[in-house]
Amino acid sequence: MEPATPSAIDPPANVLLVHEKQCEPAVCPDLCHDTGATADLRVSFADNRPDRPDPDAVTGKVGLLTVGDVLIEDTAESARDFEERVVVDTVRDPTDLSTIGVAVSRFCKYWSDEQLTVCFDSLDALLRSTPPKDVFQFAHVLTNRLSSVDAYAHFHFDPTRHEDRVVSTFGEIFDAVVAEEGSEESLPEATDEEVADLLAAWTDGADEPDGEFEFAVEPSTEATDEDIARLLGK
């Protein structure tokens, strides 16, 4: 994978942000801000949940989607008023990729007129409890959905927890790969054959029209919640 810098990426785009989990990369804010965004969606897990901002201090809109063991009151339907400046939503089961995908897609639907940035922290949290093949297909479906609304999204990914071929294969989904400063020389490398073999294994049984690796909603179309759920096998 050839790393890029945020300044070299033209939004909209889907970016894989590769870094060791214990370090918060300085480039994360660069991928969230100074892009002309009017709405910012942060997908996080219960062990790394951000504080809810004061709506009066927010410029534009902020969405907080938390995955994992969360308080029951946070799941109330009333919390998802997409006209508010701060919108909160939750998915209690981190293995329920379909529900996570639908929750993100819902922000895409209601904020389709906004310039949207997305920070997904992180793919590693999904991989702790879900097979890599399922997370790969989830990421592919979700990045297509984000492309359909011209979002500028980045997904955190710790390469030290996985085989080089796994990291390189995930990189195939994204428009660009960004590494934390100073780590460009240590990005995982896998051979083309290793990546091709893993792609073949992970896309086995997925919809592949005309023989192409493409089983998600086309960016030019608007995905429904049912589309997302169907594509993620629910």
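Trainee: Which residues have the most contacts inside the largest nonpolar core?

Mentor: In soluble globular proteins, nonpolar side chains tend to be buried together. A nonpolar core is a set of buried Ala, Val, Leu, Ile, Met, Phe, Trp, Tyr and Cys residues joined through side-chain atoms within 4.5 Å; buried means under 20% relative accessible area, exposed over 50%, and partly exposed in between (1.4 Å probe, protein chains only). In this predicted model, local features need pLDDT of at least 70 and side-chain atom pairs count only at pLDDT 80 or more, while totals for chains, interfaces and linings use all residues. Residues are numbered from 1 along each chain as its sequence is written, and side-chain values use heavy atoms, with hydrogens and water left out. The largest core has 52 residues, and those with the most contacts inside it are Leu116, Phe120, Leu123, Leu126, Leu146, Phe155 and Phe170. Apart from it lies another core of 12 residues, among them Ile9 and Ala176.

Trainee: Which residues does Leu116 touch?

Mentor: A contact means heavy atoms within 4.5 Å. Not counting residues up to four places away in sequence, the contacts of Leu116 include Trp111, Val149 and Asp150.

Trainee: What is the phi of Asp150, and where is Asp150 found?

Mentor: Most residues other than glycine have a negative phi, and most peptide bonds are trans. Asp150, although not a glycine, has a positive phi of about 55 degrees. Asp150 is found in the loop between helix H4 (132-148) and strand S7 (152-157); helices (H or I, at least four residues) and strands (E, at least two) are DSSP runs, numbered from the N terminus.
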